[in-house]
Amino acid sequence: MQVRIYSTKQQVAEKFSAFFKDEAKKHDAFHVALSGGSTPKIVFDYLAAHFGTEIDWSKVFFYWGDERCVQPTDDESNYKMTVEHLLSKIEIPAGNIFRILGENDPKTEAIRYSDVLAKNLPNEGGVPKFDLVILGMGDDGHTASVFPHEITLWDAKENCVVAIHPESGQRRVSITGKIINNAETVAFLVTGASKADKVNEILRPKADTTVYPASLVKPSANKLIWFLDKDAAKGL
Ligand code: 6PG
């Protein structure tokens, strides 16, 4: 595991974007699971602005690690956020975008998306394999949409499950631990002081440390990189 700490969120965006560009160039087909929430916005803006013409997007295939069960036009939609901050600014074939259909019945969509991963991703050990999974982490230590109150979803046998946000009750479709830990590389993008406690607990676990979903990210390929700003890393 690598922990890369930068002064600001902007620098995390710059450094991760350069990392993404380098990784993309290594692949003829680069299969990536995107994270949602707000952190990716600054990253996607930078990636589009500075590497938008340098990356051959015809070789990049975008999926999502999780999606809120809302219309793709809803402000809560991770897809909508990604269109606004990245997809609307780059030349990527529509056929390279594998959206989780948030407007569908959640259970039906979790099954459908599990099949999408099985059909379109390379496979290792009988499990779909991403080249890169990008993750965020909530203040509560959740990642993708596996929340602490439903941490057993991490070990589901399915590729995707239906999760429920602990406060809002919002339903979400999320990839599971078997998919995340089968990825070639996993990159956490975590910024802001509100994440510092959990970052510290996860990266410097003590004997009685609580296990959070983000603690369970241990890719078998052992390529796990935390991109942190100083605020999120202040406890390290
Ligand atoms: C989502 C994300 C989720 C996110 C964390 C961190 O759908 O919300 O996939 O896992 O990465 O909640 O969110 P912020 O980046 O907004 O802090």
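Which polar side-chain atom lies 2.7 Å from an oxygen atom of the ligand? In this predicted model, the atom belongs to H142, whose side chain places a polar atom at that distance from a ligand oxygen. A polar backbone atom of A144 is 2.6 Å from an oxygen atom of the ligand, and a backbone N or O atom of G36 lies 3.2 Å from a ligand oxygen. On its own the ligand has 410 Å² of accessible area, and the protein covers 88% of this.

The wider surroundings can be described next. The ligand is located in the largest pocket, with 14 residues around it. Sorted by class, the shell around the ligand holds eight polar residues, four charged residues and two nonpolar residues.

Across the whole structure, a search finds 15 salt bridges. Among them are two that involve K80. In one, the side chain of K80 meets that of D75, with an N to O distance of 2.3 Å. In the other, K80 pairs with E84, and the closest N and O atoms are 3.4 Å apart. As for the setting of D75, this residue has a relative accessibility of 68% and therefore counts as exposed, since the cut-off is over 50%.

Conventions:
Residues are numbered from 1 along each chain as its sequence is written. This is a predicted model: local features need pLDDT of at least 70, side-chain atom pairs count only at pLDDT 80 or more; totals for chains, interfaces and linings use all residues. Side-chain values use heavy atoms; hydrogens and water are left out. A residue is near a molecule or strand if one of its heavy atoms lies within 4 Å of it. A polar contact is a pair of N or O atoms within 3.5 Å; within protein, one must be able to donate a hydrogen and the other to accept it, and residues adjacent in sequence count only if both atoms are side-chain atoms. Accessible areas come from the Shrake-Rupley method with a 1.4 Å probe; for residues, only the protein chains shown count as cover. On a 1 Å grid over the protein atoms alone, a cavity is a set of points where a 1.4 Å probe fits but cannot get out, and a pocket is an open set with protein on both sides within 12 Å along at least five of seven lines; lining residues have an atom within 4 Å of a point. A molecule sits in a cavity or pocket if more than half of its atoms lie within 2 Å of its grid points. Ala, Val, Leu, Ile, Met, Phe, Trp, Tyr, Cys and Pro count as nonpolar, Asp, Glu, Lys and Arg as charged, and the others, Gly among them, as polar. A salt bridge is a side-chain nitrogen of Lys or Arg within 4 Å of a carboxyl oxygen of Asp or Glu. Buried means under 20% relative accessible area, exposed over 50%, partly exposed in between (1.4 Å probe, protein chains only).
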